[in-house]
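Here are a few friendly notes to read alongside the structure.

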Amino acid sequence: MSDRPPPMSDGPPPASSPLLARTRAELAAARAALDPRTGPVVLVPTMGALHTGHERLLRAARTLAGPRGSVVVSIFVNPLQFGPNEDLDRYPRTLEEDLAMCAREGARLVFAPSAAEMYPGGKPEVTVDPGPASQLFEGEFRPGFFGGVLTVVLKLLHLTRPAIAVFGQKDAQQLTLVRRMVTDLNLDVVIEPVPTARDADGLATSSRNRYLSPADRAVALALPRALRAGQARAAEGFGDAAAVLAAARDALRAEPALVVDYVAVVDPGTFGPAEPGPALLVAAARAGGTRLIDNVPVLLAAEAAAEGILRDAATEGPGADAAHH
Ligand code: AMP
């Protein structure tokens, strides 16, 4: 302990607790008091059990809101997006800690409704059709997931009426589909993406990481390792989609305890086949029963260019490829 007095002027101001709304009526009253003329309302939709990934979203939201705007956080474990054999009942719920993080990060309002409050008519009959891209990848392994996600996101946008909503790039397919919904349904909101937060060992932070035993976690690390291998392959300058995918697959094969659901190189706007240029290397896998998803951006070379460069490197002989780095 130092006997210096605590600093008086620097450091963040003491956090004031955000207002907590548990019902739509409380939310409506609190929302009406936020004046959009002084600055934008920025929504951060979450399922709670907040971690450094959410913290990053909250900080981005605070910056986007500016000194006179407001950050609104929703905390709701949405039953509609959980399959019958998924972890709805055991999904972590840590409201006290979540509120402390929201206070630290300067959120003005937290909406944490019950399921009955969000779905007053019971299971909704009218829902968002998330379109064909929702059937791929995550949608193939979690039928109904994206319909549940887009339905609750649309409801949260209606209830909170933000100018801006922030979403993590960690859930890249979700981000793509939310953007598509905003375009296709003419929603009056700007969607802002936030880069993925990782722990020091490379694992993307997730509320579900707390299910991992130390041994599971060691297995799980093969996922970010494989994504880095794919990214490195692309960064060498002659990685087309097939080469990037092969590098990632090689790295995944080195950890047979990791059960891979999918690994693919996709177009970030559609989740269809990737073209040369900016793309996403996406993957999902299970470590000891815990499902992990992750992705990294990759810059793909054209297929022909990739072949040409490989051919040049081969004909120039050993050592020649140093020129391409
Ligand atoms: P969730 O509470 O898991 O539904 O996530 C709420 C929001 O936080 C979503 O927009 C996620 O994409 C985002 N998010 C979750 N984990 C991370 C992470 N590690 N880095 C960045 N954003 C994240």
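1. Let us start with the aromatic rings. This is a predicted model, and six aromatic pairs are found in the structure. One of them joins phenylalanine 76 and tyrosine 119: the ring centres are 6.2 Å apart and the planes stand at 45 degrees, so this pair is tilted.

2. Where do the two partners sit along the chain? Phenylalanine 76 belongs to the loop between strand S3 (70-75) and helix H3 (95-104), while tyrosine 119 belongs to the loop between helix H4 (115-118) and helix H5 (138-141), so the pair ties together parts 43 residues apart in sequence. Are these residues buried or exposed? Phenylalanine 76 is buried, with a relative accessible area of 6%, and tyrosine 119 is also buried, at 9% relative accessibility.

3. Another spot to look at is a cluster in which ring pairs link Phe137, Phe141, Tyr262 and Phe271.

4. Rings also meet charges here. The charged end of arginine 90 sits over the ring of tyrosine 211, at 4.0 Å from the ring centre. Likewise, arginine 142 lies over the face of phenylalanine 145, and here the distance to the ring centre is 4.1 Å.

5. Next, please turn to helix H1 (residues 24-32). Which of its residues are buried? They are Leu27, Ala30 and Arg31. Looking down the axis of H1, you will find these buried residues within an arc of 100 degrees, so they line one face of the helix. Ala25, Ala29 and Ala32, on the other side of H1, are exposed.

6. Finally, have a look at aspartate 199, in the loop between strand S6 (190-194) and helix H8 (214-220). Aspartate 199 has a relative accessible area of 30%, so it counts as partly exposed. Beyond its neighbours within four places in sequence, aspartate 199 is in contact with Thr205 and Arg217. With arginine 217 there is a polar contact between the two side chains, at 3.0 Å. Glycine 53 is 146 residues away from aspartate 199 along the chain, yet the C-alpha atoms of the two are separated by 9.5 Å.

How values were computed:
Residues are numbered from 1 along each chain as its sequence is written. This is a predicted model: local features need pLDDT of at least 70, side-chain atom pairs count only at pLDDT 80 or more; totals for chains, interfaces and linings use all residues. Side-chain values use heavy atoms; hydrogens and water are left out. Buried means under 20% relative accessible area, exposed over 50%, partly exposed in between (1.4 Å probe, protein chains only). Helices (H or I, at least four residues) and strands (E, at least two) are DSSP runs, numbered from the N terminus. The arc is that of the directions from the helix axis to the C-beta atoms. Contact means heavy atoms within 4.5 Å. A polar contact is a pair of N or O atoms within 3.5 Å; within protein, one must be able to donate a hydrogen and the other to accept it, and residues adjacent in sequence count only if both atoms are side-chain atoms. Rings of Phe, Tyr and Trp (its six-membered ring) pair if their centres lie within 6.5 Å; planes under 30 degrees apart count as stacked, over 60 as edge-to-face and the rest as tilted. A charge sits over a ring if NZ of Lys or CZ of Arg is within 6 Å of the ring centre and within 35 degrees of the ring normal.
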